[in-house]
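Keep the viewer open as you read.

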Amino acid sequence: MNEISSRMLFLGGLAVLAGAAVILILFLIVFLMGKIKLNMKLDMEYGENTKKKRNNSKGR
Amino acid sequence: MAEIIASTYEVIERIGSGGGGVVYLANHMRLNKKVVLKADKRRLTTRPEILRREVDALKNLSHTYIPQVYDFFVEGETVYTVMDYIEGESLDKPLKRGIRFSQPEVIRWAVELLEALSYLHSPIHGDPPRGIVHSDIKPANIMLTPHGHICLIDFNIALALGEENVVGRSAGYASPEHYGLDFSDDTPMVDDSTEVMTDTEATIPMSRSEYSSSIKKIVVPDVRSDIYSLGATLYHLLSGVKPAKNALDVEPLSEKEFSPQIVKIISRAMNPNPNLRYQSADEMLYAITHLHENDPRTKRRKKIFVSVTSILAFFILAGAFTAFTGLKRMEGEQRALTLSEYSHNALEEGDPVSAVQYALESLNMNRNLFTPPRAPQSEKALADALGVYDLADGYKSHHVIKLPSEALKTVLSPNGKTGIAVYAFAAQIFDTETGEIKGELPLVKSALSDVVFIDDKTLVYAGENGISVYDTETEKNLWSGKPATQVAVSADKKTIAGVYRDEAFATLYGIDGKEKGMVDFAGKKQKVLQNDTFADPEDNILSLSADGKYMAVSFSDGGLIIYDTTNAQNSIELYDTSDYTHFEGGFYGRYFAFSSTKYGSSVFAVINTEELVQEGGFELDSRIGVKADETGIYLSNKSTVVKIDPVSGEQTEVAYSDSDVRQFETDTLNTFNTVVATEKNECVFYDKSADLISTLGGGQTDCSLVSIAGEYALLAGIDSPVVRIIKKDMHSDADLFTYDASYPHDEARISSDKNTLMFFDYQNVRLYNKDGKVIKDIKIPDAENVYDQQYSKKSGNLAVMYKDALRIYSGKTGDIVTEKTNLKSVFYAPYGVSILNNDATVSLIDIDTGEEILNEKTDGNYAAYCGMVVNDDFLNGGELIGASKHGDGYLFAVANEDICTLYDGDGNKLFEVPVAEQSEAFFTDSSVILSPLHGTPTAYNLSDGSKKNDLEKDSYLTYIYQLDNGCVMSEYISSGGERYAILLDGERYEPIARLPCMTDLSDGCAVFDYHKGKLRQTRIYSIEELIEIAKGGDAK
């Protein structure tokens, strides 16, 4: 690691960081879009009220 | 007319009937509210308390999906239950019509049903602790309201309460437990005598073999039975097909038609083994309400999300960490460079201690991941600060004293071990060896305030409380007298004189502090500036003779009088008044020597105080400086300092500098070395023979205050608060060889066997053996035509090359080993000298043996062997500027105009790099260095021709050595003719040490020639060794 210059380390690290961050953002966008699509599909399959338990009145 | 029941309920219509009775829609006559009347005609075998319990259980139920029970009464033989009327229809009806419900719808109803069941099954609803079990869940008992919600009706509470002979099994929906079947595998086997609760209607013919796990015992439906029934109901609602009556025969729903999760939930709910079903409605409700989360697609997506984000998070963290590390390292590198600059500056300012400290900080001892590799600049800073490669004898910076304000005067004790620096308005006492401040003496607030050493430990000073004598060892004042600024001490140390500013008298004291008398100046005053706080005109004489008998005083009116301190009548008036403005002088025995200066011209004279005659003198049109003590009279004028005999006037040179002398001092008690401060702001040291010892620059300080005594000297300037302690540094322990210093030579080389040493230049060669005996003196013939000389360490031979001749001299005897003349060309490479003979053959001559190791035919007027014959044709107008062996092959460099091409030994072109005129090529294992005659040498990588670094500017590169440790030693001649070497780190070719006057490398040691008759050597230190030296506090 000593043979690699500090500048290369810094720039390389930045490049990896930036690249990974960009990929992460793109991935999140794609994932979110996919999630929305899947949720719609699941809503069609299971209906919406399966996502939450409804509160019901209880008796004495 | 409508039937009225219990005088309250008006029957509207019959809405259903079943095994338990009839169900009516009625109107509560008083409340005008529709209700459901359930008439139960079963034979009331139940005891009243059981009925009550049933009622109590039902009336307390209040849930969105369960109809409220309002009343219970008996009329005739019928038990009526009054409950909420639920609008809508039971789910069996649309099923019978063939309607298929959507999965989302069924799931929604499942949630509602499970919420109702969870409520029902809750233990708070009484006895038994398992709560209320519906026991008859089926589509017919589920109402679908117009709003699309469900309501669970028709509880078989009696069955739940354990009534006997209760029939409530709906085929297909009833769990195996309803039939008394128990498929749980953790119940013990019982024998055939166990009674099974069955009903003739519901009897399921089965054999033991069909129900391998069927147990014949009394089983009671529980909450899990409701789970089964619910599962079966959902099965029917989804598929439109009623499940098989036999739990084991139920076909699972198709996962192609329905969601696999739903299929799994229903299958589990309908597991014949109650232990394998959902154990509670809540559990099943949880499964149903988490379909999204538990969907395989969701799970898969979640897995993908987690793994991808984990990987990306790792890369982000790794990238951030790497960038942070790089940034910290870059900061560290910058800091190291800055600190190495500080070190360099401190060294320039004469503070080697601080220089070493900065250099060590620059190297950063605390090494961790964030520490950058050690910078070559840091290594160089430490090597330079430690001075490990400066083996020249001389005065060198030792310590620095930083005063609170600009220096006014400096004084050294006679032995040089204690120094005084006067500033406004105190005198700082310090140890010259350690630089430690020993004390401070408050002075009169005047720049005139004097400090004079009486002996090595005692001094007299113009203290703020009066003239005082101080003992530096006990750190105490011995006595104090009247106020004084100027002070004088007789050489016999018995008399002290003090004058206060421009008072017209001097007070005399004995060494014990007793007043011996006064000398009245009769109104005359010494020259004192109007504001003497910050400036001492240095124009005055106040001097005592060796025995204290006479006192010479100069005055502001140009007067100069020698007073007899014992007899006022005996005074010698040299000038009563004059227009001289500056006086210098002192006593040497019975002689008083002085100079008086006006308008740049000076008069010098020597007065014999016993005979009252002037012994001699002269006048010059430049300033004459005079110092006198018991050892003699010293004059300075322009660039010369001489010692003058007071009688004969004979002058002996003490120092001769190349610029005018501003100030000088001679150590007349010890070494008779002289320090001269010149107009060029240098301090030059001479030995007693007036030979130059060393020169120190003043730096930015106006270096005019000089003192010298013993091994030490002080340098300071009135414009700086810094006082430099200089120490004489001797390195005779590094002596390697002694030679005749008068022999002129440029180079000194040692053979690798160390048996011979050769000193040579282009005209002469002298060969010594290791014992210092001259083996041979050689005059090189035709010296003006010599264009190169190369020494071979292996044999000690010297090759002298001309354009058309070659002579090789033996390194053992000095005799000529080989002589070739009348040649067409001569070319030197480390592996041999190529000569082109007149017979069109090129020979390669081994320098070590003088033998011809190769001979090949060729054409042209120039040829050299570089693995192949490189002749005019190949060169095509270019010039062969260097060659070397490289592994098993050869490399050579050809310069053509401004391009240099590297070839291998087969003539294959490797790469091109720019080159300046008249360049020479040097080779190491990994680099080629092109060195122009005028310009900066540049190193290139042999692998690809990429530039490595520029080498030393403004000097001429003469040789390159590759050391075993990978470093490279580059030798230079400066523009001033000084030879030196720069040690380069092997990777980046950055300087890591400067070796002034290095002449050779021998056995890993650097050999230095200061042209003073000694060769000295020191090993090449690694950075770790330098650090150890620095930490050991041994700065030199």
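What follows covers the interface, the ring pairs, the charges over rings and the cysteines.

This is a predicted model. Begin with the interface. On one side, 50 residues of chain B take part, in contact with 40 residues of chain A. Together the two chains bury about 3800 Å². Of that area, 62% is on carbon and sulfur atoms.

Which three residues supply more of the area that chain B buries against chain A than any other three? They are B:H292, B:R297 and B:R301, with 18% of that area.

Now turn to the rings. Over all chains, a search of the whole structure finds 39 aromatic pairs. One of them joins B:F555 and B:Y563. Their centres lie 6.4 Å apart, and the planes make an angle of 90°. That geometry is edge-to-face. Pairing requires centres within 6.5 Å, so this pair qualifies. Are the two residues buried or exposed? B:F555 has a relative accessible area of 2%, so it is buried. B:Y563 is buried as well, at 7%.

Move on to B:F737 and B:Y768. They also form an edge-to-face pair, with 5.2 Å between centres and 80° between planes. Why does this pair tie together separate parts of the sequence? B:F737 lies in strand β44 of chain B, residues 735–738. B:Y768 lies in strand β47 of chain B, residues 764–769. The pair therefore links parts that are 31 residues apart in sequence. Both B:F737 and B:Y768 are buried.

Rings can also join into groups. B:Y575, B:Y580, B:F583, B:F587, B:F592 and B:F594 form a cluster linked by ring pairs.

Charges meet rings too. B:R268 places its charged end over the ring of B:Y278, 4.2 Å from the ring centre. B:K627 does likewise with B:F664, at 5.4 Å from the ring centre.

Finish with the cysteines. How many disulfides does the structure hold over all chains? The count is zero. B:C151 is buried, with a relative accessible area of 3%. B:C703 also counts as buried, at 2% relative accessibility.

Definitions and conventions: Residues numbered from 1 in each chain as written. Chains lettered and ligands numbered in written order. Predicted model: local features only at pLDDT ≥ 70, side-chain atom pairs only at ≥ 80, totals over all residues. Heavy atoms only, no water. Phe/Tyr/Trp six-rings, centres within 6.5 Å; stacked < 30°, edge-to-face > 60°. Buried < 20%, exposed > 50% of the residue type's maximum accessible area, 1.4 Å probe, protein only. Helix = DSSP H or I, 4+ residues; strand = E, 2+ residues; numbered from the N terminus. Lys NZ or Arg CZ within 6 Å of the ring centre and 35° of its normal. Disulfide = S-S within 2.5 Å. Contact = heavy atoms within 4.5 Å. Buried area = accessible area lost by both parts, 1.4 Å probe.
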